[in-house]
Amino acid sequence: MTTDLTGRRAVVTGASDGIGRELAIHLARAGADLVLPVRDPAKGEAAAALIRRAVPTAKIQLERLDLADLASVAAFAEGLLGAGRPVDLLVNNAGVMLPPARQVTADGFELQVGTNVIGHAALTLRLLPLLRAGRARVTTLTSSAAKHARIDWEDLNGDRKYGGTTAYGRSKLLNLIFALELDRRIDEVSSNAAHPGTTLTNLYRTTPGLLRAITGRFAQTAERGVLPPLLAATAPDAGGRLYGPDGFGEFRGGPTELPVYRSARRAGDGERLWRVIHQVSGIAEEE
């Protein structure tokens, strides 16, 4: 059962489809006022119409945001900051998974790291005044792929050596580390990470056919996959935690708190990522 969120403001990235759209429906039912930043306005309008069919009373504000372009991130954040209304929930959900070839963002970052990690981290940092004002909960989507991922700090962009699966796992590990470091550093904000298990959404459209067939055997629906992120976003008194499915291999199952993966507990990685995010995004680090 989701907490009553009447009058609270929730920003959910990637709500045009999949987990993000399901999460928006749940939050709208709980009474939250939704801000849905989308890259494709037409898809955003279609998603908003679907959410309103499910929740006729839904309050939805659509905004333009391309997480693969830091100028777009800054413009979106400036719009919210200018309005001045506190943000109570932020869900960093949008993501890129296994593009067929190496691609880069508008700022020259490898697409998966640039979108999943740098775009969302820059968004969160720019919104900090509103998040602090709302004593917000921030939830960042990760993946069980983070469990076995490794970070090459000298080649985060995969300039020297690139593999799509490796880059994806690295991006999800960095998402988890960022969520934990945010919770450690910012007293007025509680920050969790969550993963939906193996959930068949549009992210899988670029997955190679054999891998897609194999993972499909273990997959669950978006209606089930949304439950761990929903718990992470609304559970009381939770910060610095990881949520996911409780089933075999974390592929599917009911939502539960998971032990933070060993890969995300290496001393110094959180501080290093914090510095890197500020450097590459051009956001001044607080004293």
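## Buried and exposed

A residue counts as buried when its relative accessible area is under 20%, and as exposed when that area is over 50%. N175 has a relative accessibility of 3%, so N175 counts as buried. The structure shown here is a predicted model.

## The whole protein

The protein has 10 helices and 8 strands. Its radius of gyration is 17 Å, close to the 19 Å that the globule rule gives for 287 residues, so the protein is as compact as a globular protein of that length. The C-alpha trace spans about 50 × 50 × 35 Å along the principal axes.

How much of the protein counts as buried? Of its 287 residues, 56% do. The protein exposes about 12,600 Å². Carbon and sulfur atoms supply 50% of that area.

Take the contacts with a separation of 6 or more: residues 24 or more positions apart account for 74% of them.

## N175 in helix α6

N175 sits in helix α6, which covers residues 164-185. What does the side chain of N175 reach? It reaches the backbone oxygen of N116, at 2.8 Å.

Setting aside residues up to four places away in sequence, N175 touches N116, V117, T140 and L141.

## L34 in strand β2

L34 belongs to strand β2, residues 33-38. Its relative accessible area is 2%, under the 20% limit, so L34 is buried.

Which residues does L34 contact, leaving aside neighbours within four places in sequence? They are A10, A24, L27, A28, I51, K59, I60 and Q61. L34 and A232 are 198 residues apart in sequence, and their C-alpha atoms are separated by 17 Å.

## Two buried serines

S72 lies in helix α3, which runs over residues 70-83. S72 has a relative accessible area of 13% and is buried. Its side chain reaches the backbone nitrogen of D66 at 2.8 Å. D66 is also one of the residues that S72 touches; R64 and L65 are the others, not counting residues up to four places away in sequence. A106 is 34 residues from S72 in sequence. From C-alpha to C-alpha, S72 and A106 are 9.9 Å apart.

S281 is in helix α10, residues 269-281. Is S281 buried or exposed? Its relative accessible area is 11%, so S281 is buried. A polar atom of the S281 side chain lies 3.5 Å from the backbone oxygen of H278. Beyond its neighbours within four places in sequence, S281 is in contact with L70, A122 and R126.

Most residues other than glycine have a negative phi. R135 is not a glycine, yet its phi is positive, at about 45°. E250 is not a glycine either, and E250 has a positive phi of about 60°.

Where does R135 lie? R135 is in the loop between α5 (128-133) and β5 (137-141). E250 is in the loop between β7 (242-245) and β8 (255-258). Now consider accessibility. R135 has a relative accessibility of 56%, over the 50% limit, so R135 counts as exposed. E250 has a relative accessible area of 11%, under the 20% limit, so E250 is buried.

## F248 in the β7 to β8 loop

F248 is found in the loop between β7 and β8. E250 lies in the loop between β7 and β8 as well. Is F248 buried or exposed? F248 has a relative accessible area of 71%, so F248 is exposed. E250, in contrast, is buried.

How far apart are the C-alpha atoms of F248 and S263? They are separated by 20 Å. Along the chain, F248 and S263 are 15 residues apart.

Key: Residues numbered from 1 in each chain as written. Predicted model: local features only at pLDDT ≥ 70, side-chain atom pairs only at ≥ 80, totals over all residues. Heavy atoms only, no water. Helix = DSSP H or I, 4+ residues; strand = E, 2+ residues; numbered from the N terminus. Rg over C-alpha atoms; globule rule 2.2 N^0.38 Å. Buried < 20%, exposed > 50% of the residue type's maximum accessible area, 1.4 Å probe, protein only. Contact = heavy atoms within 4.5 Å. Areas by Shrake-Rupley, 256 points an atom, 1.4 Å probe, with all protein chains shown as cover. Polar contact = N/O pair within 3.5 Å; in protein donor to acceptor, adjacent residues only side chain to side chain.
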